[in-house]
Amino acid sequence: MTETSQRKADHINLALQAKHQAATSAGFDLVQFEHNALPELLVSEVDCSTVFLNQYCSTPLIIGAMTGGCEHGETINRHLAEAAEQAQIPMALGSQRGALEDGLVQNLRRWAPKANLLGNIGGTQLLQHGVEFAQRAVDSVQANAMIIHLNPLQELVQPKGDRDWRGVLDAIEECCATLSVPVIVKEVGSGIGPTSAQRLIDVGVSWIEIAGRGGTSWASIESARIEQTREQQIAEPFLDWGMNTAQLIARVRSQSSQLGVIASGGLRNGLDIARSLRLGANMSAMAQPFLEPALESTEAVLEKIEILREQLRWAMFLTGSKNLKKLQSAALL
Ligand SMILES: Cc1cc2nc3c(=O)[nH]c(=O)nc-3n(C[C@H](O)[C@H](O)[C@H](O)COP(=O)(O)O)c2cc1C
């Protein structure tokens, strides 16, 4: 096994362990809807559908970016892609860096010919390889949009991680100006705060995925992979570093009413999706909750999506919201 595929296999195994979830909650427990004892709705008529990047979406939920490129990578991606296609929800790919560098064909379209697929590369890879690299990532899967992930803490903890982040914002600006599809910028669990969001908006980014603290902790996962005690000691105070997802959604939304906001990082059920939309998000994304079903089967992923959709529907019913527009102004206590 190569070093990269070993790292990806480690990531999957460790991400499945509850101890690598953030110690601090994403903050959704503090968001309390006013219960509507008189919904005056028929549950089956509650409409959770939306439009994302000009495409119908049955639920405002994206299967979050998870890496391929290891022994289980192909199976995971197949199950996720088939489920995304059938359930009519978007799927974000894991980092395409390895596949592009090794010249591998990423034929996800055979499983998801019509689905909204979002490509993925890291901000530092964009810096190192240029916009052509991002365009190749888009073309290789006919992606509907390109996600650029920013993970400075993860890179610090990771052995041989990227430590030179000078020029990443300029590279993103060039990407927004020249790429053939919209650019989405995300974190991986520390969150994109109002100041970073504004800098991204100023260079032309139209969608931000929050990926705040409260879910998968990459500092914790990478720290478990390093053997040097000295490095672990340095990383120790940063294991729970980051900003809570729920608080960030409202703050980032207040930066711009035009910006597309994707809530992610620690969302764990359909009620969290409802709360994040009420706080100002347009869409939500979950990664880790799909990992176990993705290792099992397409049906298991579909079942997970169904449960999440039903939970969202219940939250909408119990707040008297017949569609997502109504949910966005549902009463909070
Ligand atoms: C196994 C695994 C692999 C991941 N790989 C990537 C990746 O390649 N690119 C990326 O942008 N994010 C990656 N992520 C981060 C997620 O997309 C997400 O931002 C983060 O895990 C927080 O969401 P969660 O709490 O729902 O897991 C990965 C997450 C998991 C669990």
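Mentor: Let's start with Arg253, which touches Leu259, Val261, Leu279, Gly280 and Asn282, leaving out residues up to four places away in sequence; contact here means heavy atoms within 4.5 Å. Before going on, keep in mind that this is a predicted model, where local features need pLDDT of at least 70 and side-chain atom pairs count only at pLDDT 80 or more, while totals for chains, interfaces and linings use all residues. Residues are numbered from 1 along each chain as its sequence is written, and side-chain values use heavy atoms, with hydrogens and water left out.

Back to Arg253: you'll find this residue in helix α11, residues 245-255. Helices (H or I, at least four residues) and strands (E, at least two) are DSSP runs, numbered from the N terminus. Arg253 has 16% relative accessibility, so it counts as buried; the cut-offs are under 20% relative accessible area for buried, over 50% for exposed, and partly exposed in between, with a 1.4 Å probe and protein chains only. Its side chain reaches the backbone oxygen of Ser256 at 2.8 Å. Along the chain, Arg253 and Ala197 are 56 residues apart, yet their C-alpha atoms are separated by 9.4 Å.

Now for the rings. The structure holds 2 aromatic pairs. In one, Phe52 and Trp207 have ring centres 5.0 Å apart and planes at 85°, so that pair is edge-to-face. Phe52 sits in strand β1 and Trp207 in strand β8, so the pair ties together parts 155 residues apart in sequence. Phe52 is buried at 0% relative accessibility, and Trp207 is buried too, at 15%. The rings of Phe238 and Trp241 have centres 5.6 Å apart and planes at 55°, so this pair is tilted. Rings of Phe, Tyr and Trp (its six-membered ring) pair if their centres lie within 6.5 Å, with planes under 30 degrees apart counted as stacked, over 60 as edge-to-face and the rest as tilted. Phe238, at 34%, is partly exposed.

Next, backbone angles. Most residues other than glycine have a negative phi. Asn54 has a positive one, near 65°, in the loop between β1 (50-52) and β2 (55-57), and this residue is exposed at 80%. Ala211 also has a positive phi, about 40°, in the loop between β8 (207-209) and α9 (218-225), but Ala211 is buried at 4%.

Glu155 carries a "binding site" feature in UniProt, from an unreviewed entry; UniProt positions are in the numbering used here, feature names are shortened, and annotations may be inferred rather than shown by experiment. Glu155 belongs to helix α6, residues 152-157, is buried at 6%, and is in contact with Gly161, Asp162 and Trp165, neighbours within four places aside.

Finally, the cysteines: a search of the whole structure finds 0 disulfides, a disulfide being a pair of cysteine sulfur atoms within 2.5 Å. The closest cysteine sulfur to that of Cys48 is in Cys57, 11 Å away and too far for a bond. For Cys175 the closest is in Cys176, at 6.5 Å, which is too far as well. Cys48 is buried at 3%, and Cys175 is buried at 0%.

Methods: A polar contact is a pair of N or O atoms within 3.5 Å; within protein, one must be able to donate a hydrogen and the other to accept it, and residues adjacent in sequence count only if both atoms are side-chain atoms.
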